[in-house]
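Let's take a friendly walk through this model together. Keep the viewer open as you read.

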Amino acid sequence: MKNSAYIRFSISLVLFVALLSPSLALAATAPDGKKHFKLGMKAENAEQWDKAVEEFALAVADNRKNPEYRLHYQRALFNASQMYMKRGTSLASEKDFAGAYLAFRRAYGYDPANELAKSEMERMLRLQQAVVDGENPDGKANGATNNSGGVQLVPTGYQRQPTQDTTVPQRLEKLRDVPFPGGVDLKFLVKELAKDLDLNVLFDSDSFRPNDNRRTVIELKNVTAAKALDYLFLQENLFFQKVGPRTILVANQNRRQNYQQLVLRTFYLANADPTEVQKVVQTAIPAQPGRTPTITLVDKSTNSITVRDTQENIQLIGRLIKSLDKDRAEVVMDVQIYEVTKNDLLKFGTQIGDSATLSNLGGSNRGVIGIAGNSGIVGRTSLGLGLVIPSISFQALQDKNNSKLIASTQIHAFNNEDSSAVIGQRVPTRSATIANNFNNGGGTPNNNNGGSFIGDVIQYEQVGLNLKFKPIIFPNQDVQVQMKIESRDVVNANTLTPTFTERRIEGSARIQNNKTLLLASVAQGVESNGRTGLPLLGLIPILGRLFTAPTKDNRQIDVVIAITPKVIRAPAILPEDEDERPTGSLAVPTSGSLEAMIIKDELEEQLAAARRLPTVAQVQLPDQKLTAADEPTYTKSTASQQQTNAAAQNQTTARTTIENSGTIAANLRPIDVSAKSTQFAQTANRTSVNSANANGADINNTSAPVAEIRFLQNLPQMKAGEKTKIAVM
């Protein structure tokens, strides 16, 4: 019976272990990412953020459900991007634009949200192109060569090609003299100059009356016809308006409102506030006498602004809006608080009494003693003496306490906007006590009376880190920040009357990007020495320990608060954003140039002519005659192919009529049993190409192209029934 029970138990145990073995095996072999996480933490402590990203990425791949791995992975990505941003800025300051471009490219790869890295890449491309063209980065030519060691920067994404300069017609390049110091008819001169430009000219009837022979005095040398007309219109207070293809109308400035056309255009803004842009446009181009004021309409739903003005002003406003509609600057403020507190308390010696007993060791007192128990009879006066022996205790106490507080917080903020963060918890504290005093008759609260109820008023105090920032990011990526940093900690959290430690900094500072600024550094040391015991006896060097207990208390507190701004987006200031733009005079608004109008017409005509060209090209290749060498040849088939061909021939019946056996014998060709490569006839003009066989040896060149199928070497060893994919070259 016992043997059967033992056998059943053994079989059950074996089955139980067999059921659990797959789960245990999977648990033992499944990767949990701990190894990569430890390596990532080592790299993070060493601030090798690129290596930390690799290790944390492997840890996340092994265990995707671990939030700690993902937290460190995201932090390492951001810090790695900022590390390469700092490296790229350093290389750019050393004029190594190629190396800076690669550093910014890696920064953008780690953090695609880092728009500053993207804009810096574009800026490095412009600066490197200026160096290649033999110019300084500031645009001045100096004949310099490429200092980057021949490295050529190639954009990896689509880049809009810059607009090429339009070919100036020859009639605009022809220089001439306009020598009329004695005066000439104005209309005649305008028509003569317009003939050189193939322009039709109309004159306003009110500005040029039929009987009004308006003359002008002008003398110009080496000017084009277009420039001469511009100078003439400026001198005579005239303006022109295009009314058709190669046709203009000339009138006085006071007739501008009647002829100058107004256009309407909507600008969709990607970053700027349309209300703020509207204020800038109306202030930059104010109302002028003799012209219609600029009309602007704001649409908040589409973040757009619609402008109605002349074509010249619309172009000017468009360039102005392009300069204003920049990326909104963003910064991440990295706040680090380090606090180290050390306490060292030592009590060693014999404690005789305390302050109360040692202050009153004994003395005499005057008293009255009665006689024979008769209280009416006064006895003698007695003298009482007393001596108090204090308690004696041996003390040997040492209390050491070392505490470290490291708080590292990153907070995101937009340019010129308040941003705050509160990180911590709320601790309950007792602020007051309330008693109902129902059983005391309104007297003093009696805690010993069971009928009185005593309640505590509890308030919750915020402890932790409280941050408030308002940054202002300048074009050179300096950050001016108004800040308020407050850190509170609780000492005795187990009671309702805890002790709080508080550190607060409030002010403003200007910091460079990716530079650490030390906001506060506090070093406080307290050292106290004391002794409690009998006087004089406690001063004996060695025996004094038997009559007194010395106390030493050393406390040291070190606090460091540092802040590091990390700009992740900044407006890209282009050279054309700083160019001067003509806006006309106070009396005369902006007017177009006749030369610019003619160049624009030339460009439109070229585009129209290009559209009329056929876009589909038809190519007819000439037929080539086949020679005897180009005719197909026959090769000997294998046994399986012969069986297949024989079966096919059995299903069909071939009927031929043989008229001349000699002719048939002459037309028959012997079967070529040698292995030859298939040759294709050439249908295009191509040069002969040297091909190689499977072993890499050269073969003889032929006049016709050769097609060959090659398999890669070292094919994997396969079993029966297996399938694989073979790359064919």
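How many salt bridges does the count come to? By the rule used here, a side-chain nitrogen of Lys or Arg within 4 Å of a carboxyl oxygen of Asp or Glu, the count comes to 19 salt bridges.

## Ground rules

This is a predicted model, in which local features need pLDDT of at least 70 and side-chain atom pairs count only at pLDDT 80 or more, while totals for chains, interfaces and linings use all residues. Residues are numbered from 1 along each chain as its sequence is written, and side-chain values use heavy atoms, with hydrogens and water left out.

Helices (H or I, at least four residues) and strands (E, at least two) are DSSP runs, numbered from the N terminus. Buried means under 20% relative accessible area, exposed means over 50%, and partly exposed covers what lies in between, using a 1.4 Å probe and protein chains only.

## Salt bridges across the chain

Let's begin with Arg-214 and Glu-236, whose side chains meet in a salt bridge of 3.8 Å, N to O. The pair links distant parts of the chain, 22 residues apart: Arg-214 is in the loop between strand 2 (200-203) and strand 3 (215-223), and Glu-236 is in the loop between helix 9 (225-235) and strand 4 (238-244). Arg-214 is partly exposed at a relative accessible area of 22%, whereas Glu-236 is buried at 14%.

Next come Arg-246 and Glu-605, which meet in a salt bridge of 3.1 Å, N to O. These two are 359 residues apart, with Arg-246 in the loop between strand 4 and strand 5 (247-252) and Glu-605 in helix 14 (residues 594-612). Here Arg-246 is buried, with a relative accessible area of 15%, and Glu-605 is partly exposed at 39% relative accessibility.

In another salt bridge, the closest N and O atoms of Glu-417 and Arg-328 are 2.3 Å apart. Glu-417 lies in the loop between strand 12 (392-414) and strand 13 (419-435), and Arg-328 in the loop between helix 12 (311-324) and strand 9 (330-352), so the pair ties together parts that are 89 residues apart in sequence. Both partners are partly exposed: Glu-417 at 33% relative accessibility and Arg-328 at 34% relative accessible area. Elsewhere, a network of salt bridges links Asp-204, Asp-206 and Arg-255.

## Rings and charges

Which residues form an edge-to-face aromatic pair at 5.0 Å centre to centre? They are Phe-203 and Phe-208, with 70 degrees between the planes. Rings of Phe, Tyr and Trp (its six-membered ring) pair if their centres lie within 6.5 Å; planes under 30 degrees apart count as stacked, over 60 as edge-to-face and the rest as tilted. The count by this rule is 5 aromatic pairs. Phe-203 is buried at 19% relative accessible area, and Phe-208 is buried at 6%. One aromatic cluster is formed by Phe-37, Phe-56 and Tyr-69.

Charges meet rings too. A charge sits over a ring if NZ of Lys or CZ of Arg is within 6 Å of the ring centre and within 35 degrees of the ring normal. Arg-256 lies over the face of Phe-239, 4.7 Å from the ring centre, and the charged end of Arg-488 sits over the ring of Phe-500, 5.0 Å from its centre.

## Helix 3

Phe-56 of the aromatic cluster is also one of the buried residues of helix 3, along with Trp-49, Ala-52, Val-53, Glu-55, Ala-59 and Val-60. The buried residues of this helix pack against helix 2 (34-45), helix 4 (67-93) and helix 5 (97-110), where contact means heavy atoms within 4.5 Å.

Strand 7 (residues 295-299) and strand 8 pair in the antiparallel sense over 5 bridges; two strands pair if DSSP finds at least two bridges between them. Val-298 stands opposite Ile-305 in strand 8. In the hairpin of these strands, with 4 residues between them, Asn-303 takes a positive phi near 50 degrees.

Arg-308 belongs to strand 8 (residues 304-310) and is partly exposed at 35% relative accessibility. Arg-308 and Leu-264 are 44 residues apart in sequence and 4.5 Å apart in space, C-alpha to C-alpha. Strand 8 is also among the elements that the buried residues of helix 12 pack against, together with strand 6 (262-268) and helix 11 (274-284). Those buried residues include Ile-314, Leu-316 and Ile-317.
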